[in-house]
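Hello,

Please find the structure below.

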Amino acid sequence: MTDVEIDETACCGYGNCLVAAPEVFDLHTDTGIAFLRPGRPREVDRLAVREAAADCPARAITVRG
Amino acid sequence: MSTVADPTGFGFDPYDPELTEPAVWNRYRAAQNLGGAVRAPDRDGFWLVTSYDEVRTALRDPATFSSASGHRIPTDGSRRAIPIDFDPPLHTAYRALMAEALSPARVRALRPFLAEVVTRLVDDFAAAGGGDFVSAVALPLPLQVLTELVGFSGETVAQFRTLTEELWSRYVDVDPAESHRRLWELMRAELADHRARPRDDFLGSLLHAEIEGRPIREDEQVGILATFAVAGHETTMNAAATLAWLLVEHPEAQAALRADPTRARAFVEEMLRHRSPAQNFARRTTCPARVGGTAVAEGDAVLLSLAAANRDPERFPDPDRFDPDRDARGHLAFGWGIHQCIGAPLARTELVLLLEELAARPPLCAAGPPVWSSLQGGNHLGLTHLPLLFEEET
Ligand code: HEM
Ligand code: SF4
């Protein structure tokens, strides 16, 4: 099972993760910090979350599994 | 300008004074029509990359597309700026140090200050009956922010504009070694002043910073401060003036914004996509690579055109249309990947605040013809003069 963690202190709100995996990530409208959408990630998101992690300039996304 | 013959001979001199509004956009489109990467013979020769996918792919791959030879054409590795002209691991260390001053938490803490500066500048502009928006609002805004953000004195930031303009002149005949020296001297004086009278700001923290476990050198401190001085004001100034110009050019978009100021954020993103203020960034290949189906040799210079990529019809339909209602996400105006702009959270906040402030006033209209610069340093597109005024309310 794919497990994703966002380091909220590292996230700079670039939103690259949203472009790679729009179903998985969203940004808080007030703080501009990324969060995981409810029920995500799922198994189908496996590749997309890896791309999101690789694309994150702040290296704020960790993917396990 | 030369006419287009074939993909191996597309003239594109980034320092050509004719590359300005609106000709520059036609030039990018002409390059795009020839393919994702075209060979330009100018300035020692380079590949001009204009397709969204190809530009982003290169930005994602810093091991192949190195920044260490500089982000300007020609990539001769002279006068490297920190952190932008470095590759990992040194780049990572510099960037982490600088990012402290620009983190989202820091920007949130700065917000009341930013709002106050924006309101005061626009108040003064309105009270004066309008005038040149560039010198009255777009330039002083980032300069005043730099005093608070870094800890520069007001007298120091007042010299940034002249020195920056002189720096760009390197690329059009005049040798600005002298202005470079003056900028560095100014930074050294700030460091000395902070050593003599310690203060709790970024400049103060830089005095005792460490890079890769050793004390930072003075030339590194000076380089970091010089980057804040130049990168911190030029881009924001151009972005702010472009926003105001767009309001006047697109009255319907201005009306929509005035009716609903929550549209400001999307308006800013579409400005960044449609008229990317920082347009072209160079890299150099560390091994043979393929760009846009073209073989690029090891050691070749490539110029990644963010501005052209942001108008790639394959990525953004009807790309030349300014449409604040479109989904501009994924635009490359701040770059992409390890060098992606660390000033983005700050710049976005400043620009949204400015737009909200303008939308809360009477309608903004033109008070004379605007003047656009050519690409400054082969990169920055903006207005040098923008006469505007608020309509009289009746
Ligand atoms: C609208 C305003 C701005 C735009 C359009 C912009 C654009 C960019 C772009 C495209 C890059 C990537 C360059 C590359 O990949 O080689 C970049 C990097 C950078 N920007 Fe900005 N910028 C803006 C505002 C700022 C501000 C306000 C600051 C600082 C106060 C800043 C500081 C930097 C720094 C230090 C880098 C280098 C990052 C690195 O190499 O890791 N920028 N900017
Ligand atoms: S890409 Fe990284 S920094 Fe950007 S919003 Fe997503 S998690 Fe945050």
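The notes start with the conventions, then take each chain in turn.

This is a predicted model, in which local features need pLDDT of at least 70, side-chain atom pairs count only at pLDDT 80 or more, and totals for chains, interfaces and linings use all residues. Residues are numbered from 1 along each chain as its sequence is written, chains are lettered from A and ligands numbered from 1 in the order written, and side-chain values use heavy atoms, without hydrogens and water.

Chain B contains 15 helices and 14 strands (DSSP runs, H or I of at least four residues and E of at least two, numbered from the N terminus). Its radius of gyration is 21 Å, close to the 21 Å from the globule rule for 394 residues, so chain B is as compact as a globular protein of that length (taken over C-alpha atoms; the rule is 2.2 Å times the number of residues to the power 0.38). Of the 394 residues in chain B, 58% are buried (under 20% relative accessible area, 1.4 Å probe, protein chains only).

The iron atom of ligand 1 has Cys341(B) as its only protein donor, through SG at 2.3 Å (donors are N, O and S atoms within 2.8 Å of the metal, or 3.2 Å for Na, K and Ca; water is not among the atoms, so sites may look incomplete). Cys341(B) sits in the loop between helix H14 (306-309) and helix H15 (344-359) of chain B.

Chain A has 2 helices and 4 strands, in the order β-α-β-β-α-β along the sequence. In chain A, 42% of the 65 residues count as buried.

Regards

Methods
Buried means under 20% relative accessible area, exposed over 50%, partly exposed in between (1.4 Å probe, protein chains only).
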